[in-house]
Amino acid sequence: AAAAQARIGQHVTVLLDKAPDEHAHAVARESGLRLAHVPATTWGYERTALCGLIRSHDIVHMHSVFVPRYATLARRLANGHVPYIITPHGGLSKHVLRRSWLKKWTYSLLAERPRFAAAAAVTTVVPGEARDVQSFIGAYHGQIKWIPNPVDPARLQSHAWELRNQPARDQPDWEST
């Protein structure tokens, strides 16, 4: 989606909390994207660099949920009068919320629900996800819109995926071949 926005002339910057490697730079150049590296900890981004970046953008799109630095980012955006959109990517499903439910419930009360409540809009990638979002945030006055996942399945054809029987502790349970 970001590359499509860049192709139609929008200025799109991808915020990275780790310095991009040469491959990331190459992909960004090919796609017309800008990369902005702002160091981050679990709880927030480096303040000075982030403030300069916020002032130069009209809207921010955050992906995922239960990321503490996003709650901090949302507060900074609100203070700078920069609207933001959230795409939870299934992170508010009942199945996901049941895992570590006490931590998620507490964090939701303190940070995640206020972040959603202040969002200009919430986008979902599957039709039923809007119900999960509405159930999670309750009285929300912004828009919740379904935008189909922009992954081009044709780009996945060059990869074969195989399931591993016993993944190592520090590796995913799948690998690209």
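Which side chain does Arg 29 meet in a salt bridge? In this predicted model, in which local features need pLDDT of at least 70, side-chain atom pairs count only at pLDDT 80 or more, and totals for chains, interfaces and linings use all residues, the partner is Glu 22, at 2.9 Å from N to O. Residues are numbered from 1 along each chain as its sequence is written, and side-chain values use heavy atoms, with hydrogens and water left out.

A salt bridge is taken here as a side-chain nitrogen of Lys or Arg within 4 Å of a carboxyl oxygen of Asp or Glu, and a search of the whole structure finds three of them. Arg 29 and Glu 22 are both exposed, where exposed denotes over 50% relative accessible area, buried under 20%, and partly exposed the range in between (1.4 Å probe, protein chains only). Another salt bridge joins the side chains of Arg 69 and Asp 17 at 2.8 Å, N to O. Because Arg 69 lies in helix H4 (residues 68-79) and Asp 17 in the loop between strand S1 (13-16) and helix H2 (22-31), this pair ties together parts that are 52 residues apart in sequence; helices (H or I, at least four residues) and strands (E, at least two) are DSSP runs, numbered from the N terminus. Asp 17 has a relative accessibility of 23% and therefore counts as partly exposed.

In the salt bridge between Glu 112 and Arg 115, the N to O distance is 2.6 Å. Both residues belong to helix H6 (residues 101-117), where they are three residues apart, about one turn of the helix, and both are buried. Also among the buried residues of H6 are Lys 104, Tyr 107, Ser 108, Ala 111 and Phe 116.

The course of H6 is not straight: a kink of about 65° is centred on Ser 108, the bend at a residue being the angle between axes fitted to the seven residues ending there and the seven starting there. The end C-alpha atoms of H6 are separated by only 20 Å, whereas a straight helix of 17 residues would span 24 Å at 1.5 Å a residue. Trp 105, also placed in H6, is partly exposed, with a relative accessible area of 47%.

Notes: Expected span 1.5 Å × (residues − 1).
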